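Good morning, and thank you for making time on the agenda.

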Number of protein chains: 2
Amino acid sequence: MNLKALPGTRDILPSEMGLWRRIEEKGREMFQRWGYREIRTPIFEDTRLFRRGLGETTDIVEKEMYTLEMGKGPSLTLRPEATAPVVRAYLQHNLHKTRPFQKFFYMGPLFRHERPQAHRWRQHSQLGVEAIGSKEAWLDAETIRLAQQFFADLEITGINLRINSLGDEQCRPAMRDQLRKELGGRLDELCKKCRERYDRNVFRILDCKEEGCRSIVDGLTDLTTLLCDDCRRHFDALRGALTAMQIPFEHDARIVRGLDYYCRTVWEIDDPELGGSQNALGGGGRYDPLIVQLGGPDVGGVGFALGADRAIDAILARGGAEDSSEPVLDLFVVVVEASVRDEAYLLVDRLRLQGIRTDVDYEGKSVKAQMRQAHRIGVRWVAVIGPGEISRGVIRLKDMESGREEEIGEQGIPGRLAASTGAKPA
Amino acid sequence: MNLKALPGTRDILPSEMGLWRRIEEKGREMFQRWGYREIRTPIFEDTRLFRRGLGETTDIVEKEMYTLEMGKGPSLTLRPEATAPVVRAYLQHNLHKTRPFQKFFYMGPLFRHERPQAHRWRQHSQLGVEAIGSKEAWLDAETIRLAQQFFADLEITGINLRINSLGDEQCRPAMRDQLRKELGGRLDELCKKCRERYDRNVFRILDCKEEGCRSIVDGLTDLTTLLCDDCRRHFDALRGALTAMQIPFEHDARIVRGLDYYCRTVWEIDDPELGGSQNALGGGGRYDPLIVQLGGPDVGGVGFALGADRAIDAILARGGAEDSSEPVLDLFVVVVEASVRDEAYLLVDRLRLQGIRTDVDYEGKSVKAQMRQAHRIGVRWVAVIGPGEISRGVIRLKDMESGREEEIGEQGIPGRLAASTGAKPA
């Protein structure tokens, strides 16, 4: 039996890498343009970080974590999300003491042990930002602008931004009471999961995908009418900022995000082109309570996470061609016969050291097969080397576009290529 | 209690990222110049992949794997090395059927549950290449050149390349018999671990670090005198190629690499500057048997893995300054008073959309504190915006290098910055 990648995981092959690199480079460039700096946290953390940070009764913590008990040592969990780790790092390294306000970005794999389905992977990849140290509503707006513009630059258009406010510790209890009051008499109309949620995490009923629950939720009081004055001002400021930046959005009371650490702003961007229920491209929000929960000061924090796998699906759904990542070689060296093989390999080595992207056959192929390979790669220049060329101290250089051939000294190659293909000698 | 990153794992903070990015970008550029293409495999694999590929009696498989039992599903293991996963991917996607010869590179985290110590992390990061589909000795030499040049380009000098040949299934049995014959009478002089190794994996005695074992190993027969004709020709060709490329190397019979899948070429590069026993910067070798072991054809494969953490330690050991990765902002916007805050944030947003890397205060700091922040960041340009500027429709632009100020319309900013700092408007 041949082994395969485990269910819910996959390889990214060289032929697919172009699109991944496009997304990562775009994210890196934009995040830095917006003033964010890269941070990397470990693939696994102390399980308590997620239990404490995300909330014991969340789906992730209860059912979806990859947790590994290591004998006497602390229990490890493959990170299911990156916000708690970034906040942990911010506190561990006392970054809040030298400069309370810090803007971070990250990209990398995350893990959730769920049923694999379309657009849903057990190992998936996210790009995200975390701005820690301010409660300013413009900061929430800045992160939303960054996410929205990221997708726009990738030509992922026609997507929907939906925002909501969950209030804070002042007004959340009244929102929870109101919700329980209105739903209490209709428990038998809710799905089984929502009947459980009623006691454990009533806000999660709001984003239930079941038809019956959705229609009940549609008729509920808009909970943002219960926001306290500070939360109302913050929500108004956010909406004002988005409007001033001409970012289209919708207020959607269903957006709750499912983690205990959020307060005030929550948002999601979904893509109708992906279809089905797994159509969120990303989301984010404000998590002031998380920083306190992890032992830090009440300085505030806001961020987002965007799904790289989903972004690629969204590009493909729009007919965006996968970029080939075949390295664009500058030159391919064709070896006429075995007697000059050593000279050919040494030539390839010297050219690479001069900055030329070049390769050669390692399978003992015929000249014809080597020329076919050069064609397939799509390389502009082919250097043919045989006993005749060696004895005359030249290389036969063929331009695959024009078909023209010339004999040239080895020293002339970098300049000849640079003049025509833009290859830059090191 | 505040939670910390687990022992043997660590965060890479923004202030450290510059050096990491330098290494990754150098690797990516060079690997592509040498004709390798990026592949990514999952963080965890079916445990059987490593048991079958690396060998049941290797240290990694016996003691160092992070393995997670998932109820009824297959057992998962965080990848302790990347060669078996890359070969698994090559076979799973039938790449060998369309084009047997393929060159891959990868970079990313690997996991070994060892005692944390200097230069040794439980999660560490590697850059590596795998060239699958050829048994040509020049290919082994090419990968060694690539590794050696990678370190040279990073100005990690004074390192040692040591190579060896382990033979193949033809001659390995004779090498093993010879070793057991010579060591059999001296078991009581070996360390406890080596006495175990004698029965289980006698070759591992050759790279034991214990003083007593080392002196015994020094007196043993050079096993490469027992190579079969094919292996001898391969080893001679490799040494000839390295000599022709003027790459200094030493033949060291101690190099065995500790994994069952190697045949013929094995090598390591170590850095005396790192000191102690953990001074290997990387290594590699040929693993023809692995491909067969995983169900593939006997086409041959060779590769290497270089430690990114170690490379950084090597740069730091040579006084290589850590690059700051503070994003070089083009411009910092200073807000004179709260009444113009919204205008300031909108200005920042418009400038970013035009490609200007810019940021602003989100903490309500005084003008003086904002100017201090601009100084600390080391930004060239500061744009001051207050009620006076707003009413006149201008921005006060200050050149922090010359101290000169000018008033300028918003439309003029991208051009003004491009003319002097090289910032390129999008």
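Two remarks on provenance. This is a predicted model, in which local features need pLDDT of at least 70 and side-chain atom pairs count only at pLDDT 80 or more, while totals for chains, interfaces and linings use all residues. Residues are numbered from 1 along each chain as its sequence is written, chains are lettered from A and ligands numbered from 1 in the order in which they are written, and side-chain values use heavy atoms, with hydrogens and water left out.

I turn to individual pairs. Arg21(A) forms a salt bridge with Glu25(A), with 3.0 Å between the closest N and O atoms. Both belong to helix α1 of chain A, residues 14–33, and because they are four residues apart, about one helical turn separates them. Helices (H or I, at least four residues) and strands (E, at least two) are DSSP runs, numbered from the N terminus. For burial, I call a residue buried under 20% relative accessible area, exposed over 50%, and partly exposed in between, with a 1.4 Å probe and protein chains only. Arg21(A), at 18%, is buried, whereas Glu25(A), at 33%, is partly exposed. This pair also belongs to a network of salt bridges that links Arg21(A), Glu24(A), Glu25(A), Arg28(B), Glu38(B) and Arg40(B).

In chain B, the side chains of Asp59(B) and Lys63(B) meet in a salt bridge at 3.9 Å, N to O. They are four residues apart in helix α3 of chain B, residues 59–64, so they too are separated by about one helical turn. Another pair is Glu406(B) and Arg416(B), whose closest N and O atoms are 2.7 Å apart. Glu406(B) is partly exposed at 27%, and Arg416(B) is partly exposed at 29%.

How do the two chains relate? Superposed by least squares on the C-alpha atoms of residues with pLDDT of at least 70 in both, chain A can be laid on chain B with an RMSD of 0.0 Å, by a turn of 180° and a shift of 0.0 Å along the axis. The two copies are thus related as by a two-fold rotation axis. Within chain A, the residue that comes closest to this axis is Leu68(A), with its C-alpha at 2.9 Å.

Next, the interface. Taking contact as heavy atoms within 4.5 Å, 87 residues of chain A are in contact with 87 residues of chain B. The copies meet through the same surface, because 100% of the interface residues of chain A are also interface residues in chain B. Buried area is the accessible area (1.4 Å probe) that two parts lose on being put together, summed over both. Chain A and chain B bury about 8,100 Å² between them, 60% of it on carbon and sulfur atoms. Leu3(A), Arg40(A) and Tyr362(A) supply 10% of the area that chain A buries against chain B, more than any other three residues. Between the chains there are 12 salt bridges; one of them joins Arg341(A) to Glu136(B) at 2.4 Å, N to O.

Finally, the strands of chain B. Two strands pair if DSSP finds at least two bridges between them. An open sheet of mixed pairing holds five strands in the order β13-β12-β14-β15-β16. β13 (358–360) and β16 (405–408) stand at the edges with a single partner strand each, so one side of each has no neighbour in the sheet. β15(B), residues 395–399, runs antiparallel to β16(B) and is joined to it by four bridges, and Ile395(B) has Ile408(B) as its bridge partner.

Elsewhere in chain B, strand β7 (residues 160–165) has five of its six residues buried. Six bridges pair β7(B) in the antiparallel sense with β9(B), residues 263–270, and two bridges pair β7(B) in the parallel sense with β8(B), residues 250–251.

How values were computed
A salt bridge is a side-chain nitrogen of Lys or Arg within 4 Å of a carboxyl oxygen of Asp or Glu.
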